[in-house]
Amino acid sequence: MGVIDICSTSSLSFTEPSSNRHRIFVHQRLFLPLGRNNNHRAFFVMSSAIPVEHVNEGQQRLSGESFIRTHLRKLSPYQPILPFEVLSAQLGRRPEDIVKLDANENPYGPPPEVLEALGKLKFPYIYPDPESRCLRKALAKDSGLESNHILVGCGADELIDLIMRCTLDPGDKIVDCPPTFTMYEFDAGVNGAEVIKVGRRPDFNLNVELIVEAVRQEKPKCIFLTSPNNPDGSVINDEDLLEILELPILVVLDEAYIEFSGLESRMKWVKKHDNLIVLRTFSKRAGLAGLRVGYGAFPLSIIEYLWRAKQPYNVSVAAEVSACAALENPVYLEKVKDALVKERGRLYKLLKEVPFLNPHPSCSNFILCAVESGMDAKMLKEDLAKMGVMVRHYNNKELKGYIRVSVGKPEQTDILMECLKQFF
Ligand SMILES: Cc1ncc(COP(=O)(O)O)c(C=O)c1O
């Protein structure tokens, strides 16, 4: 890795054609005279990332795939949900008529200040502030943590990837505790890391003993923890978290849904624990999933490197303005959160009355339900979709017989229940 300065002959190096190293080609015909007395020469140099054995010796054309990094050729694509408009066309229903309970979005949307601020955007043609200063200042006030510990991203998703890009060398290991948010495993794959899966207990709590053992044996670099966990809504207690923080591992605590738990965020803990990162998002608390704003709290010794590695303009002007405007109306955010928490209680009770569903108690804005009594979870999801009600079904082995239902507005719960009644 590094830069080859094409004006400096001293930076050129050659590797043995037969060795396994990467090859540097020098195009002799492109020697150019430089300077008046022709004493200096510039070289046109291409450094190939293709190991020597993959370089085609003959005239055969290389396929596009041969340029792709080896570990990415085996990567399974992330399975995102369908865009709202595509879904609407597929179901033959207006977007407004779809009860969308499959992606834990906030159905109330952002406070009115957000749309007002977007309408008044003065300089959309100017690049955004690479340091998102206004938003970080507002977040410092909101969280009680100084802004130099805070970095903003294009959703918490971007920060997960950025953390991995800054910490993982290819071949490094991460600990993942399934069932959980699948982006950790996906991003680990993108970053060439190996995933050590330490499954949860039957009640979805972390198996801390096994985590300690895995860290001892496998020596992973980081662990991704989620509290409340997606998809079951369980939270991590202080005792378990502190035990994991004692391990020689970077702990990334994802608090995307913390507002719905009634628990305090651990953002401030990053000042005490040099191996802790806490991630949060505006997608759920402020109904801004479409505008993509997430944020993280970092120890100063780590954040410095994320600043260096992040894309300069990762948070758009619209995203920053929207998040700042949302924070200006904490009363609205609190009201919407309270409405969702109240509706979670009602939804849970109603789901419990469905003979083939076994809902799991949740501290978040979704409820995981075991689909039982001979009912097939995938078919149930598909049948509900035909009626315009979207819930989440999983294909992975841990969650095969489950569906996850996001908490919506009371009228959305009513429609869901009407549809479910058709099956009993
Ligand atoms: C646990 C968890 N973390 C992070 C995210 C992504 O957040 P963002 O929308 O800010 O990228 C999600 C999205 O569903 C999530 O479930």
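Start with two helices: select α4 (residues 133-143) and α11 (residues 317-327). Their axes come within 9 Å and cross at roughly 25 degrees. Angles under 35 degrees count as roughly parallel, so α4 and α11 are roughly parallel to each other. Now look at the handedness: the crossing of α4 and α11 is left-handed. Keep in mind that this is a predicted model.

Next, select the ligand and the residues around it. How many residues surround the ligand? There are 14, and the closest are Ala156, Asp254, Tyr257, Thr281 and Ser283. Color this shell by class: five residues are nonpolar, five are polar and four are charged.

Now zoom in on single contacts. Pick Ala156 and show its backbone. There, an N or O atom lies 2.7 Å from an oxygen atom of the ligand. Move to Asp254 and show its side chain. One of the polar atoms in the Asp254 side chain is 2.6 Å from a nitrogen atom of the ligand. Then go to Arg292. An N or O atom in the Arg292 side chain sits 2.7 Å from an oxygen atom of the ligand.

The ligand taken alone exposes 400 Å², and the protein buries 92% of that.

Last, select the elements behind the shell. Which elements give two or more residues to the shell around the ligand? They are α5 (155-167) and α9 (282-285). Finish on α5: with three residues, α5 gives the most to this shell.

Note on methods
Residues are numbered from 1 along each chain as its sequence is written. This is a predicted model: local features need pLDDT of at least 70, side-chain atom pairs count only at pLDDT 80 or more; totals for chains, interfaces and linings use all residues. Side-chain values use heavy atoms; hydrogens and water are left out. A residue is near a molecule or strand if one of its heavy atoms lies within 4 Å of it. A polar contact is a pair of N or O atoms within 3.5 Å; within protein, one must be able to donate a hydrogen and the other to accept it, and residues adjacent in sequence count only if both atoms are side-chain atoms. Accessible areas come from the Shrake-Rupley method with a 1.4 Å probe; for residues, only the protein chains shown count as cover. Helices (H or I, at least four residues) and strands (E, at least two) are DSSP runs, numbered from the N terminus. Ala, Val, Leu, Ile, Met, Phe, Trp, Tyr, Cys and Pro count as nonpolar, Asp, Glu, Lys and Arg as charged, and the others, Gly among them, as polar. Axes are lines fitted to C-alpha atoms, for helices over the stretch in contact, and angles run from 0 to 180 degrees between N-to-C directions. Angles under 35 degrees count as roughly parallel, over 145 as roughly antiparallel, 65 to 115 as roughly perpendicular and the rest as oblique. A crossing is left-handed if the near helix is turned anticlockwise from the far one by less than a right angle, and right-handed if clockwise.
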